Amino acid sequence: MVRTGSHADFGVILNQDLPEQEIPELLRHSTFLSAKENTAFIRLFESKEILIDFLNAVLRLDEKDSITDVEHMNRDLAVIYPSDDIVGVDVRARTKNGEYIDVEMQRFGHTHFKDRVVLYGAVMAAEAHREELLSLKKRRRELSLKERYRMPKIYSIWICENASDGNKDYRDSWGIYRKSDLGNKDALPVSHVLNYIFIKLPKLKGAKDVPEREREWMDFIDNCGSRDEIPSTAQGAIRDAYERLRIRRTPKEILERQAFSMMTQYDIDCCIDDAINEGLKKGIEQGIEQGIEQGLEKGHADGIQVMRSLGVSEDKIEEAKKMLEMFADK
C-alpha cells in the first residue's frame with residue numbers, strides 16, 4: 001500500500017446515524033463499507049477484538065496456541081520508494097507471544113507482485129529484529145551472542161481478489177525450504193521466521209477443507225459491502241465487524257476517504273499494468289502459434305525445393321504436398 005493524505009481516526013464509531021447529506025453520493029445506497037477497500041480494511045482491524053478473532057481463524061490456531069492479545073504497530077515500512085509517498089502495510093501488529101503480523105488486502109495484480117511480497121516480509125523481519133534488540137537493551141537484560149541473531153516469527157498474510165501470482169488454489173503458503181527436499185510432501189521449513197499466507201477470495205466458494213470460522217471471515221470480507229443487513233449466522237466478532245463497517249455509524253472523514261480510495265491512481269496503475277501483462281501474454285501465445293504456422297509453411301516450401309533439385313517427379317511432389325497439408329490440418 002502507498003499511503004497519502006491526512007491521518008484519520010479509524011476507531012471512532014458514531015452513537016447516532018450520520019445525516020444522509022453528509023454521506024458521499026457513492027456510498028448512500030449501501031449499508032456497509034466494503035472491507036476490500038483500503039480505508040474500511042484498516043478501520044475494521046483497528047479493533048483488537050476483531051483482529052484477534054480474525055487472526056486465530058486465518059492462522060488456524062487451536063485454543064491452546066490461540067492469540068489472546070495484540071499490539072497495533074506503526075504501519076510505515078522502511079522501504080525505499082521512488083517518490084515522496086509513504087510505503088506502509090494495511091495492518092501491522094505484534095502478538096503477546098512476540099510474533100509480528102502483517103495483513104494485506106490486495107485487489108489488483110501488478111508487475112513484480114511476488115517481489116513486493118518478499119520485500120515486505122523481509123523489511124518487516126529486519127524491523128522486528130531491531131525492535132527486539134532495542135527492547136532487550138531498554139530492559140537492561142544481558143545481550144549474549146546467542147540472542148544477537150534470534151529472530152521473531154513473522155506472518156505476512158495476503159488476501160487477494162484479482163492478484164493471482166501468489167497462489168494457485170484458494171489458499172497457499174510460502175516458507176524457506178531446502179531444494180533437496182523438493183517433492184517431499186512431508187518436508188519441513190529450515191526456518192520458521194518468515195511465513196507467507198495467500199488467500200484468493202474468488203476461489204473460496206469451491207474450496208474444500210476450509211475451517212468454518214475462516215470461511216465465515218473470508219465470506220464477510222468478500223461480500224459485506226454488497227449486503228443490506230447482517231446475516232443471522234454472523235456471531236461474535238464477525239457481527240461486531242458488520243457494525244464497525246456500518247456506513248451511517250461511520251465518521252464523515254472516514255467515508256470521504258473510502259469514497260476517494262475506491263479508485264485511486266495506484267489502483268488505476270495496477271489495472272493498467274495487469275492489462276498490459278495480460279495483453280503481452282496473449283500476444284506471445286498468438287505469436288508462438290503464428291511462428292509455428294509460418295515455420296511449417298517455410299519448411300514445406302524448402303522441402304519441395306529440395307525434391308525438385310533432386311529430380312523428383314511433379315506427381316511425387318504433388319503427392320508430398322497433399323501429405324504435408326494433411327499433417328498441417330492435424
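Trainee: Starting with strand 4, which strand 5 residue stands opposite R94, and which strand 4 residue does V70 face?
Mentor: This is a predicted model. V70 stands opposite T95 in strand 4. R94 stands opposite Y100 in strand 5.

Trainee: How do the strands pair, parallel or antiparallel?
Mentor: Strand 2, residues 70-72, pairs with strand 4 in the antiparallel sense, over 3 bridges. Strand 4 also pairs with strand 5, residues 100-106, again antiparallel, over 4 bridges.

Trainee: What about the turn in the hairpin of strand 4 and strand 5?
Mentor: There are 4 residues between the strands. G98 takes a positive phi near 85° there.

Trainee: Is strand 4 buried or exposed?
Mentor: It is mostly covered, with 5 of its 5 residues buried.

Trainee: Which residues sit on which side?
Mentor: Side chains in a regular strand alternate between the two sheet faces. V91, A93 and T95 are on one side of strand 4, R92 and R94 on the other, and all are buried.

Trainee: New topic. How many residues are in the largest nonpolar core?
Mentor: It has 49 residues. F54, I159, M218, F220 and I221 have the most contacts inside it.

Trainee: What is in the second core?
Mentor: That separate core has 20 residues, among them V79, C160, V193 and F198.

Terms used. Residues are numbered from 1 along each chain as its sequence is written. This is a predicted model: local features need pLDDT of at least 70, side-chain atom pairs count only at pLDDT 80 or more; totals for chains, interfaces and linings use all residues. Side-chain values use heavy atoms; hydrogens and water are left out. Buried means under 20% relative accessible area, exposed over 50%, partly exposed in between (1.4 Å probe, protein chains only). Helices (H or I, at least four residues) and strands (E, at least two) are DSSP runs, numbered from the N terminus. Two strands pair if DSSP finds at least two bridges between them. A nonpolar core is a set of buried Ala, Val, Leu, Ile, Met, Phe, Trp, Tyr and Cys residues joined through side-chain atoms within 4.5 Å.
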